[in-house]
Amino acid sequence: MVNKLLRNCFLCISSCSGSSDAMARRPFILWLHGLGDSGPANENVKTVFKSPELSDAKWLFPSAPYNPVTCNNGRVMPSWFDVPELPFKAGSRIDEASILEAVKNVHAIIDEEIARGTRPENVFICGLSQGGALTLASVLLYPKTLGGGAVLSGWVPFTSSVINQFPEQAKKTPILWSHGTDDKLVLLEAGQAALPFLEQAGVTCEFKAYPGLAHWMSNKELQYIESWIKSRMQSSSRIDIDMRTSTLTKPIVLLSIALLSTVLFFAFFFENKPYSSLSSSPSSSDLMARTFILWLHGLGDSGPANEPIKSLFKSPEFMNTKWLFPSAPPNPVSCNYGMVMPSWFDIRELPLTAGSPNDESSVLEAVKNVHAIIDKEIAGGIKPENVYICGFSQGGALTLASVLLYPKTLGGGAVFSGWVPFNSSIINQFTKDAIKTPILWSHGIDDKTVLFEAGQAALPFLQQAAVTCEFKAYPDLGHSISNEELQYLESWIKQRMQSSSSSS
């Protein structure tokens with residue numbers, strides 16, 4: 001065993017001299033999402049990039065912070081910077097101050113990556129819509145020449161007066177601009193306005209228009225971006241090839257001694273330990289989840305962005321709880337000018353009032369997907385009374401619909417800042433078991449996106465359906481979730497868990 005470990009150690013040492021160079025040559029691709037979207041929801045983009053040259057690429061899909069957005073009535077949503085108006089035209093207003101703040105954050109990401117050893121010429125920034133505008137700003141204001149900036153359906157986020165702030169090295173970074181001719185959210189004219197702007201700045205830009213494409217990205221665009229990045233990587237790899245043979249004799253000798261010492265220690269240590277003690281693990285019954293909590297996010301959000309919620313549930317009763325935070329599929333949303341974004345179903349208007357129109361057909365389609373998740377968990381051994389569905393905003397509306405249309409009694413449904421997504425004619429579809437599922441409704445009185453009146457309208461609706469609902473109003477709370485709400489949710493679920501365990 002010792003000989004085998006030593007042999008592996010020498011193999012490791014012989015490859016160390018090339019590892020730092022491999023990192024330097026590895027491409028880094030930073031993807032910036034659009035308004036109301038999230039980083040994790042865009043990660044499938046990298047599956048389109050199948051070239052061997054990009055097999056070792058490092059990707060990063062950060063999520064924008066939550067900020068109020070002027071064009072969406074001040075609604076708080078994932079946004080890199082403020083957007084004063086939509087649809088965006090060639091002469092639309094911009095908020096340069098918030099853009100420059102966002103650029104600092106992107107530059108910090110690039111700086112960190114370069115400090116780790118990635119060469120600037122192997123750094124590529126790509127972005128869609130608002131993320132495209134931020135891509136352009138970040139590339140043109142960075143003090144070094146990067147591999148490239150790819151803008152999809154974006155716009156120029158500042159006036160020509162800022163051109164004198166572009167460093168000379170930044171102007172050498174090539175720009176690829178892709179835009180759909182049928183874009184109704186960021187009009188083609190807004191993209192075309194970039195050409196004279198970049199020409200004035202002395203920046204090279206390749207502009208590609210995609211006939212029939214609306215405000216979204218196509219596989220054709222992504223495949224071209226792949227070839228574009230690949231061609232720049234090949235140009236970059238021809239530079240300084242001989243640098244890989246730099247003298248590293250002393251560091252390698254020191255590393256060899258350190259690695260050999262470590263290997264020898266662990267080799268002798270583990271030779272005297274029985275294997276069974278290392279592989280012991282809890283039994284499957286100990287790991288079996290007793291409770292299942294499904295969390296449904298709001299419009300434009302993502303499941304992974306909400307995962308920190310479970311860290312607030314510290315009671316011992318939640319130790320064997322299974323959580324699931326799915327992400328909504330990308331869909332066009334009517335209230336956002338048909339913009340494609342993560343959405344469980346279509347929303348006709350925002351702000352949402354008690355009398356706002358609903359799109360029941362798309363709600364019912366979304367319910368089928370939630371029911372499939374519940375069915376799978378119950379088939380796996382979770383009791384229906386230990387299943388809890390929770391959701392915020394659009395996810396809250398879907399929570400209510402999913403609970404009331406499920407054929408069994410569940411542990412409970414918790415709605416945060418939601419609304420009733422269908423009319424009272426659907427009540428006759430609720431089963432006798434479904435209406436036994438208790439509902440907890442939490443709503444901020446200062447909610448300007450889903451008005452408090454929309455939440456209150458649920459009470460007579462649920463009363464008519466004979467559904468038990470506890471309604472909690474939170475003064476001074478806008479369209480967001482507070483820790484106070486989540487702490488109460490924890491106690492509410494815990495109480496039901498205890499009742500369920502005592503009855504079984």
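Tutor: A charge sits over a ring if NZ of Lys or CZ of Arg is within 6 Å of the ring centre and within 35 degrees of the ring normal.
Student: Which ring does the charged end of Lys 472 sit over?
Tutor: The ring of Tyr 488, with the charged end 4.3 Å from the ring centre. The charged end of Lys 208 sits over the ring of Tyr 224, 4.3 Å from its centre.
Student: What kind of model is this?
Tutor: The model is predicted; local features need pLDDT of at least 70, side-chain atom pairs count only at pLDDT 80 or more, and totals for chains, interfaces and linings use all residues. Residues are numbered from 1 along each chain as its sequence is written, and side-chain values use heavy atoms, with hydrogens and water left out.
Student: How many aromatic pairs are there?
Tutor: The whole structure holds 18. Rings of Phe, Tyr and Trp (its six-membered ring) pair if their centres lie within 6.5 Å; planes under 30 degrees apart count as stacked, over 60 as edge-to-face and the rest as tilted. One of the pairs is Phe 430 with Phe 461, edge-to-face at 6.3 Å centre to centre and 70° between the planes.
Student: Are Phe 430 and Phe 461 buried or exposed?
Tutor: Both Phe 430 and Phe 461 are buried (under 20% relative accessible area, where exposed is over 50% and partly exposed in between; 1.4 Å probe, protein chains only).
Student: Why is the pair of Trp 441 and Phe 471 stacked?
Tutor: The planes of Trp 441 and Phe 471 are at 20° and the centres 6.5 Å apart, so the pair is stacked. Trp 441 is buried at 0% relative accessible area, whereas Phe 471 is partly exposed at 22%.
Student: Which residues do ring pairs link into a cluster?
Tutor: Phe 313, Phe 318, Trp 323 and Phe 325.
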